[in-house]
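Here are my notes on this structure. Please keep the model open as you read and find each residue as it comes up.

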Amino acid sequence: MNTSDDSMSEASIQPVRVGLNHRFEFKCHPGVTCFTKCCRGINIILTPYDIIRLKDRLELSSEEFLALYTEPQILEKTDLPVVTLKVLGDGDESCPFVREDGCIVYEDRPTTCRYYPLGVASLSHKENENTDGEEFYFFVHEPHCLGFEEEKTWTVRDWRRDQGVDIHDEINAGWTDLIVRKRSFPPNIKMTEQSKKLFFMVSYNVDKFREFVFESSFLDRYQVDKATVERIREDEIALLEFGMKWLTSVLFNQDMFQMKEGAEQSIKQGDDS
Ligand code: SF4
Ligand code: SF4
C-alpha cells in the first residue's frame with residue numbers, strides 16, 4: 001500500500017483519472033485469500049489528522065508517537081518534511097499494526113488505508129465542496145489485491161463516505177492546500193530550515209504546538225479572540241486547523257493574523273519555539 005499521489009510514478013499504479021461518480025466493483029473482507037497483504041511493503045505518508053487519531057488511540061503524546069511509529073521523509077517536489085509509518089524489520093516491511101486477523105487500529109487507520117484501493121491526487125485545493133478544484137482519484141492496482149474480483153458495486157463518492165475519508169480530507173484540507181501551494185513554487189524558491197521546522201511542528205507535533213501557543217508569548221503577540229483561544233485549548237482538531245491557518249499566514253506572507261500593537265515580528269522567525 002502506497003500513499004496518495006506521491007506513489008503515482010510506481011510501476012504498479014495505473015494513473016487513470018476517475019471522478020466521484022466513477023463505478024467500480026470491490027469488496028475487502030477477512031475471507032479473501034490476500035487478507036492483510038496490502039499491509040506489507042507499505043510506504044504510507046501520514047497526515048496531521050492521522051497522527052492525532054493514532055496517538056490518541058494508543059494513548060501516546062504526539063512526540064512519543066512520532067518517535068515510536070514514524071520515519072522522516074522529504075516530500076518530493078516540495079522539499080517539505082513529512083513522516084511515513086515506520087515498517088517492521090520482519091523482511092516484509094509490514095505495518096506495525098497488522099496482525100493475522102487484521103488491523104488493530106482499524107477504526108483509526110490512516111487516510112491512505114481508508115482510500116485503498118484508490119489514491120487521490122490534488123493539483124489544487126478546492127475552495128469548497130461545491131467546486132471541483134483539480135482533485136482526481138486513481139486506482140492502485142497491486143497484483144496481490146483480489147478485492148476487485150468480489151461483487152459489490154461502489155461509486156468513488158460512496159467509497160469515500162463509507163471509509164470516512166471525507167472527514168479526514170476535510171480536517172486535513174489546510175495541510176493539503178499548503179503542500180499543493182508549495183509544490184507550485186519554482187524549485188529555486190527554498191524554505192528556510194526554521195520554516196520547515198514550523199511546518200513539521202504544526203503538522204505533526206500537536207502537543208508541542210499547543211505548548212508553543214500557550215506557553216510562549218504567542219498570545220501576547222497575535223490578536224486571537226477569546227472564544228478561539230478557549231476552543232483551541234480544549235480541542236485538538238480546532239488547534240490543528242488554527243495552526244494550518246497560522247502557518248499559511250507565516251509561510252506565504254498573508255495577513256490572516258493581526259499582530260498586537262508593539263509586538264515584534266521575531267515570532268515569525270520562531271524565536272519562541
Ligand atoms: S494501519 Fe491498519 S490498514 Fe493501514 S497498513 Fe497498517 S494494518 Fe493495514
Ligand atoms: S482485498 Fe485488497 S484491500 Fe482487501 S486485504 Fe486483500 S489486498 Fe488488502
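1. Start with helix α6 (residues 173–183) and helix α11 (residues 236–251) in this predicted model. Their axes come within 9 Å and cross at roughly 20 degrees. Angles under 35 degrees count as roughly parallel, so α6 and α11 are roughly parallel to each other. The crossing of α6 past α11 is left-handed.

2. Which residues in α6 and α11 meet? From α6 come G174, W175, L178 and R181. From α11 come M244, L247, T248 and L251. By type, the residues of this contact are 5 nonpolar, 2 polar and 1 charged.

3. Now look at the largest nonpolar core. It has 73 residues. Which of them touch the most other members? They are F209, W246 and L247. Helix α11 gives the most to this core, with 9 residues. As background, nonpolar side chains in soluble globular proteins tend to be buried together.

4. Take W246 by itself. Leave out residues up to four places away in sequence, and W246 touches L198, V202, F209, F212, F218, Y222 and F257. One of these, F209, is also among the core members with the most contacts to other members.

5. Finally, find K55 in helix α1 (residues 48–57). Is K55 buried or exposed? Its relative accessibility is 4%, so K55 counts as buried. Again leaving out residues up to four places away in sequence, K55 touches L60, S61, S62, F65, V206, D207 and E236.

Conventions
Residues are numbered from 1 along each chain as its sequence is written. Chains are lettered from A and ligands numbered from 1 in the order in which they are written. This is a predicted model: local features need pLDDT of at least 70, side-chain atom pairs count only at pLDDT 80 or more; totals for chains, interfaces and linings use all residues. Side-chain values use heavy atoms; hydrogens and water are left out. Axes are lines fitted to C-alpha atoms, for helices over the stretch in contact, and angles run from 0 to 180 degrees between N-to-C directions. Helices (H or I, at least four residues) and strands (E, at least two) are DSSP runs, numbered from the N terminus. Angles under 35 degrees count as roughly parallel, over 145 as roughly antiparallel, 65 to 115 as roughly perpendicular and the rest as oblique. A crossing is left-handed if the near helix is turned anticlockwise from the far one by less than a right angle, and right-handed if clockwise. Contact means heavy atoms within 4.5 Å. Ala, Val, Leu, Ile, Met, Phe, Trp, Tyr, Cys and Pro count as nonpolar, Asp, Glu, Lys and Arg as charged, and the others, Gly among them, as polar. A nonpolar core is a set of buried Ala, Val, Leu, Ile, Met, Phe, Trp, Tyr and Cys residues joined through side-chain atoms within 4.5 Å. Buried means under 20% relative accessible area, exposed over 50%, partly exposed in between (1.4 Å probe, protein chains only).
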